[in-house]
Amino acid sequence: MNISNRLKIMLFFQYFIWGSWLVTFGSYMSHTLHFSGTEIGLVFSSKGLAALIMPCIIGIIADKFLQPKYLFMLCHTICAIALFYAASITQPNPLFWVMLANALAFMPTIALSNSISYHCLDNNNIDSLKTFPKIRVFGTVGFIIAMWIISLLKLEQSHAQLYVASIASIILVIYSSTLPKITIHKKIKQSWHSRLGLDAFVLFKKPTMAVFFLFSVLVGAILQITNTFGTTFLRDFNKIPQFENSLITQYPAILSSVSQMAEVAFILTIPFFLKKLGIKKVIMISLIAWTLRFGLFAFGDPTPFGFVLLMLSMIVYGCAFDFFNISGSIFLEKEVNASIRASAQGLFMTMVNGVGAYLGSIISGLVVDMCTHNNVKDWQAIWLIFASYALILAIVFYFSFHDDHTSNKQIKQ
């Protein structure tokens with residue numbers, strides 16, 4: 001088997017693990033464990049905390065010059081143990097700590113899987129920029145297939161979804177042992193300042209960049225809202241007698257998987273829109289898409305017309321996610337000097353998946369509890385609050401972010 005196909009298998013399982021529980025775990029905690037919105041938000045906040053701590057962990061491990069594939073295997077071994085143990089926990093506080101352990105191990109594997117792929121392609125004289133996107137898409141395929149399996153096996157409200165993820169982690173550990181070894185060259189010793197990505201804070205000297213990173217946090221909070229409560233909302237329609245046996249309530253993860261399918265389509269349009277419109281208009285499109293995402297959720301339901309609204313919400317999610325997360329990364333890649341490029345990307349990830357994800361988890365849980373009366377969630381009010389938040393962000397961003405997309409001037413350290 002050639003190296004490209006071997007890497008496709010690695011990335012397939014890398015994201016299959018995540019797809020097994022990330023979208024459906026909130027539904028399990030809400031309907032099976034009967035956690036409050038605040039408690040669900042607390043558990044999901046572990047991902048944000050891990051993204052905050054992760055740059056430091058990576059810096060320390062990098063100093064040990066450990067083979068990337070062995071480090072990858074170690075992380076997924078920890079994930080397998082943590083996920084297996086988490087399946088037996090029924091209280092929010094212990095579950096938070098175990099899922100934090102899982103997140104601390106899993107989040108670094110995202111970067112490691114990319115690094116291993118680039119090294120293997122380069123060592124085989126394969127153009128990584130041309131080939132890697134075709135390989136990476138198998139990660140999204142793995143995420144989608146995992147969601148379908150969990151849904152079709154009716155495990156969305158079962159702790160068994162964590163066992164599926166744990167088994168997949170073990171399979172990936174075993175498979176990764178067959179990957180080629182990567183020669184590690186001794187790196188120049190870095191200061192703690194550099195390891196933590198603090199070099200990139202020079203970017204805050206430019207108002208445009210300061211506004212961009214501030215909105216990275218605010219938009220990162222939006223993303224976490226859908227991860228935390230999306231399928232919980234769809235599953236709650238089974239409390240209404242006329243919708244109790246609808247396909248949406250029986251297989252909400254399958255409907256949610258349309259969002260990932262849309263991501264694959266929209267990501268291909270990003271270079272065109274960035275070139276034609278510039279980063280400001282592209283991010284504006286993202287924020288409007290987020291407003292539509294929540295607004296369509298507010299009025300969607302299992303009726304024929306309501307189903308169309310829900311389906312449209314899933315489709316615009318692809319635009320909402322890609323046009324900020326992917327476009328933002330490309331924007332930084334082009335705007336900053338090579339000497340701080342890695343630090344800038346690390347800071348962007350920390351803002352979106354760290355600070356933003358943590359705040360989004362906690363605040364969304366409070367909003368859900370605020371709109372819950374007699375154990376019944378007013379989902380329309382909840383989604384309209386989030387839609388209003390996204391719309392306000394769009395308006396403020398329009399007037400506060402100023403960027404000339406024809407400029408190629410880079411920010412230097």
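This briefing describes the helices, the nonpolar core and several individual residues of one protein. The model is predicted. The protein has 16 helices and two strands. Of its 413 residues, 56% count as buried. Among contacts between residues at least 6 apart in sequence, 84% join residues at least 24 apart.

**Helix 9 and helix 16**

- Two packed helices are described by the angle between their axes and the distance between the axes.
- Helix 9 covers residues 207–235 and helix 16 covers residues 379–400; their axes come within 11 Å and cross at roughly 165°.
- Because an angle over 145 degrees counts as roughly antiparallel, helix 9 is roughly antiparallel to helix 16.
- The crossing of helix 9 and helix 16 is left-handed.
- On the side of helix 9, the contact is made by Val 211, Phe 215, Leu 218, Val 219, Ala 221, Ile 222, Ile 225, Phe 229, Thr 232 and Phe 233.
- On the side of helix 16, the contact is made by Trp 379, Trp 383, Phe 386, Tyr 389, Ala 390, Leu 393, Val 396, Phe 397 and Ser 400.
- By type, the residues of this contact between helix 9 and helix 16 are 17 nonpolar, two polar and no charged.

**Two residues of helix 9**

- Phe 215 is found in helix 9, and it is one of the residues that make the contact with helix 16.
- Phe 215 has a relative accessible area of 4%, so it is buried.
- Phe 215 and Phe 397 are 182 residues apart in sequence, while their C-alpha atoms are 7.7 Å apart in space.
- Leaving aside neighbours within four places in sequence, Phe 215 is in contact with Phe 324, Leu 393, Val 396, Phe 397 and Ser 400.
- Thr 231 also lies in helix 9.
- With a relative accessible area of 2%, Thr 231 is buried.
- Not counting residues up to four places away in sequence, Thr 231 touches Val 23, Thr 24, Ser 27, Pro 252 and Ser 256.

**The nonpolar core and Leu 95**

- The largest nonpolar core has 118 residues.
- Phe 25, Met 29, Leu 95 and Trp 383 are the residues with the most contacts inside this core.
- Helix 9 gives the most to this core, with 13 residues.
- Trp 383 is also among the residues of helix 16 that make the contact with helix 9.
- Leu 95 is found in helix 5, which covers residues 92–123.
- Leu 95 counts as buried because its relative accessibility is 0%, and the cut-off for buried is under 20%.
- Beyond its neighbours within four places in sequence, Leu 95 is in contact with Phe 25, Met 29, Leu 33, Phe 35, Val 43, Ala 86 and Ile 89.
- Phe 25 and Met 29, two of these partners of Leu 95, are themselves named with Leu 95 among the residues with the most contacts inside the core.
- Leu 95 and Leu 42 are 53 residues apart in sequence and 9.5 Å apart in space, C-alpha to C-alpha.

**Helix 12 and helix 13**

- Helix 12 (residues 270–277) and helix 13 (residues 279–299) pack with their axes 7 Å apart, at an angle of about 125°.
- That angle makes helix 12 oblique to helix 13.
- Phe 273, Leu 274 and Leu 277 of helix 12 make the contact with Ile 279, Lys 281, Val 282 and Ile 285 of helix 13.
- The residues of this contact between helix 12 and helix 13 divide into six nonpolar, no polar and one charged.

**Loop residues with a positive phi**

- Most residues other than glycine have a negative phi, and most peptide bonds are trans.
- His 34 is a residue other than glycine with a positive phi, near 60°.
- His 34 lies in the loop between helix 2 (25–31) and helix 3 (37–62).
- His 34 is exposed, with a relative accessible area of 62%.
- Asn 374 is not a glycine either, and its phi is positive, at about 55°.
- Asn 374 is placed in the loop between strand 1 (372–373) and strand 2 (376–377).
- The relative accessibility of Asn 374 is 78%, so it counts as exposed.

Definitions and conventions: Residues numbered from 1 in each chain as written. Predicted model: local features only at pLDDT ≥ 70, side-chain atom pairs only at ≥ 80, totals over all residues. Heavy atoms only, no water. Axes fitted to C-alpha atoms, helices over the stretch in contact; angles between N-to-C directions. Helix = DSSP H or I, 4+ residues; strand = E, 2+ residues; numbered from the N terminus. Parallel < 35°, antiparallel > 145°, perpendicular 65-115°, else oblique. Left-handed = near helix turned anticlockwise from the far one by under 90°. Contact = heavy atoms within 4.5 Å. Nonpolar A, V, L, I, M, F, W, Y, C, P; charged D, E, K, R; others polar. Core = buried A, V, L, I, M, F, W, Y, C linked by side-chain atoms within 4.5 Å. Buried < 20%, exposed > 50% of the residue type's maximum accessible area, 1.4 Å probe, protein only.
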